[in-house]
Structure formats: structure tokens, C-alpha cells
Number of protein chains: 2
Amino acid sequence: MADSNSLDALIHALKRLPGVGIKSAQRMAFHLLQHDRAGAETLARALQEAAHGVRHCERCHTFTEHPVCGTCQDSRRDASKLCVVETPADQSALERTGVYRGLYFVLMGKLSPLDGIGPHEIGLKKLFDRAQDGMVEEVILATNFTAEGEATAHVISEALKARGLGVTRLARGVPAGSELEYVDLGTIAHALVDRR
Amino acid sequence: MADSNSLDALIHALKRLPGVGIKSAQRMAFHLLQHDRAGAETLARALQEAAHGVRHCERCHTFTEHPVCGTCQDSRRDASKLCVVETPADQSALERTGVYRGLYFVLMGKLSPLDGIGPHEIGLKKLFDRAQDGMVEEVILATNFTAEGEATAHVISEALKARGLGVTRLARGVPAGSELEYVDLGTIAHALVDRR
């Protein structure tokens, strides 16, 4: 498009974003250069700062800029409960219900053997270590109610039970086949209260 | 989401892209940080280089890194024909046909009075100057066949005719490869009127 190598490079880089094809990438590049150069510079800085500054929390594995995230450092939270979620977005949805005051472990993925994502890739070893810190009494599995999320929950549940830990699963108040981040908060709250 | 200001800043910056909402922005940020940090850095560099390096061609107004773009500099092209398009993507579509060997003028937009985009915003003055360089004999209007594109073509056509220039419009008609029974009636009506 047009007569510019750096424009082509920008379109190519935008196309690497998930859900962005060539037409969307062209539209985005065009918009930024024609109408929002300040936005382009803001995005460039945000990308660099996040790529350099964001790491994983040593305890719960979520994104943070500190060795241990604010949630894990919060002494008012109930350290006897550990809620396992797939992504930070899922964690955020649970937090917004205001019902849960325990801690979290963020898998940053789910088991997906067909894509080559096994127990090692989503850090299950780290979860098992974390769950056996002596404080955790109950592990609440809040992976998505999709086929892969259920399989992930099953694998974790079996492993933790074998280690003598109490394991619960979000109640089936959450509609089967849906993903947590898109479920309304009331439904998530009910599922938390009715966990089994 | 999560415990990171720079992650929030990244999501916010991604949300400024056209067609990207909060969920898509979260998904993009999550993907870049979890699976493609190299992609984040590449995109950051591409954004900065494009934002600093890309300007408008002095003759045709398209994106370029040079004062005058490669197409306008190409002496083998027919300088007596000037094709007016809305965007570099439209220009690219025309180029790929291989049929046109004249020059271009890229409006970088279209008249859209409801959005406050008038003749001044899309640089019509520049087009009128360009079309009166003494070389141009025919201006081919290739704006889109939308309401706004048609209105833009009409305004340009009137202004250029008043300046004594020859003005043509891309033919409207039935798309190649289509069957009449599935073509909308407006298109068939135009194809009948414009029959040759």
C-alpha cells in the first residue's frame, strides 16, 4: 500500500495482533497516520514499557510489575482459599463480583493437547507447589466451562486431591460452553456461592 | 486487569485503534505479553518509524517517506490522466488491475458534512491546483460508490468542469462473474443506463 516501506512494516506488525487481518491492519495504520499520530506514539511507548516492565507474579503467576502482585501481598485476603483461573481477565471478572476474598493462581492458558499445550506449558508444577504452602485449605477451580477448561479443571483436581487438598469447582450456575470474561457478574456471584 | 499500570496503559492505547473495543484490546495485550513480546517490540518500532517517517506526497498526497512518491516520479506513466481515489488502499486496488497507467491523487478521505469533513479537510484546493498543472487532460473520479463517495465525486466534478477540465467517473455496472438474478436492482438500473 502506497509508497512507504515503514508503512508496509507497520501494517505487517499490526497483522501479528490476534484477530487482525490485512484489511484491518491497513485500516488501523491508515487511521493512525492520518488522524492519530499521537495515538501511534502513545501505543509505541505503552508497548515498550509493557514488554520490558511486565513480568509474572512469583506466587500467582499473573501479570505484574513487581516480584509479587498486589493481590498476593494483601494480608486482608483469606490465604486458605486459592482460586485457579485461566487468564487475568477471568480473575478480573471474579474480583468484580466482590464475593471472593481469597487468593488466586492464574494459569495463563489452559490444557490444549492439540495445540501442544500440556501441563508443563501452563505451569501446573508451580500451581501444585503453590497449593501446598501449608496455608491453602481449598482450591477453587474457576477455569472456563469449555471443553478445554473442563479438562484442565479435571487434571488439576485429580492431582490436588492426590496431594490431600480440598478441591471445589465453580457451580454450574455458569452456562455451559461460555467463557467467564463474557458472563454477567450476578451469574458468576451465584456460581461462587454455590461452589461444590 | 491484573496488577500492572503499564498493562492497563497498553490496553488503553490499543483501544484507540479503530474497531478495537475493551475485550479485543485485553486479548491483544494478553497475547503480546504472554506469547509474542518480540511482536510487541516490532510493533513499537514500526509505529515510531512510521509516525516520524511517513509524510504526504507533495503531488498526489499519498503516504510516502519522500517529498514526492515513486508513482508520481515515474516518467513512464501517462501524465495526461489523473485518477482521484479516497485512500491508498483504493489506489492499490486500481494498480493491481494493471489497466491504468496514469497518475493519481489520493484524497485521504471523503466529504462527510455530518462528521465535519468538508472540502478543506480533504484538501480539494490541492487537488484543483494539481489538476491544473497544464499536463492533465482527463480527471477520472474513482471515489467509492457509497453516498459519501458519490457526493465527493459530484462536488469535484462540478468544480473541475468549471475550470474547463475533462472529468470522467468509473463505470457503474454489474460486477464481473455475477449472475443478474442476485444483483441488486439499483446496480442493474445503472448498468442499463450506462450500457455501451
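This passage walks through how chains A and B meet, what sits in the nonpolar core, and where some of the salt bridges lie. The model is a predicted one, so local features need pLDDT of at least 70 and side-chain atom pairs count only at pLDDT 80 or more, while totals for chains, interfaces and linings use all residues. Residues are numbered from 1 along each chain as its sequence is written, chains are lettered from A and ligands numbered from 1 in the order in which they are written, and side-chain values use heavy atoms, with hydrogens and water left out.

To start with the interface, 57 residues of chain A touch 54 residues of chain B, contact meaning heavy atoms within 4.5 Å. About 5,100 Å² is buried between the two chains, with carbon and sulfur atoms giving 63% of that; buried area here is the accessible area (1.4 Å probe) that two parts lose on being put together, summed over both. Between chain A and chain B there are four salt bridges, each a side-chain nitrogen of Lys or Arg within 4 Å of a carboxyl oxygen of Asp or Glu. In one of them, Glu181(A) pairs with Lys23(B) at 3.8 Å, N to O.

Next comes the core. A nonpolar core is a set of buried Ala, Val, Leu, Ile, Met, Phe, Trp, Tyr and Cys residues joined through side-chain atoms within 4.5 Å, where buried means under 20% relative accessible area, exposed over 50%, and partly exposed in between (1.4 Å probe, protein chains only). The largest such core holds 72 residues, and those with the most contacts inside it include Leu14, Leu17 and Leu47 of both chains. Leu47(A) reaches across to Leu10(B), Leu32(B), Ala40(B), Leu43(B), Ala44(B) and Leu47(B), leaving aside residues up to four places away in sequence.

Over all chains, the salt bridges come to 22. Asp78(A) joins Lys81(A) at 3.5 Å, N to O, and Asp78(A) is partly exposed at 29% relative accessibility. In chain B, Asp78(B) bridges to Lys81(B), with the closest N and O atoms 3.5 Å apart. There, Asp78(B) is partly exposed at 29% and Lys81(B) is partly exposed at 30%.

Another pair, Asp129(A) and Lys125(A), meets at 2.9 Å, N to O. Asp129(A) is partly exposed at 44%, whereas Lys125(A) is exposed at 58%. Finally, a network of salt bridges links Glu150(B), Arg169(B), Arg172(B) and Asp194(B).
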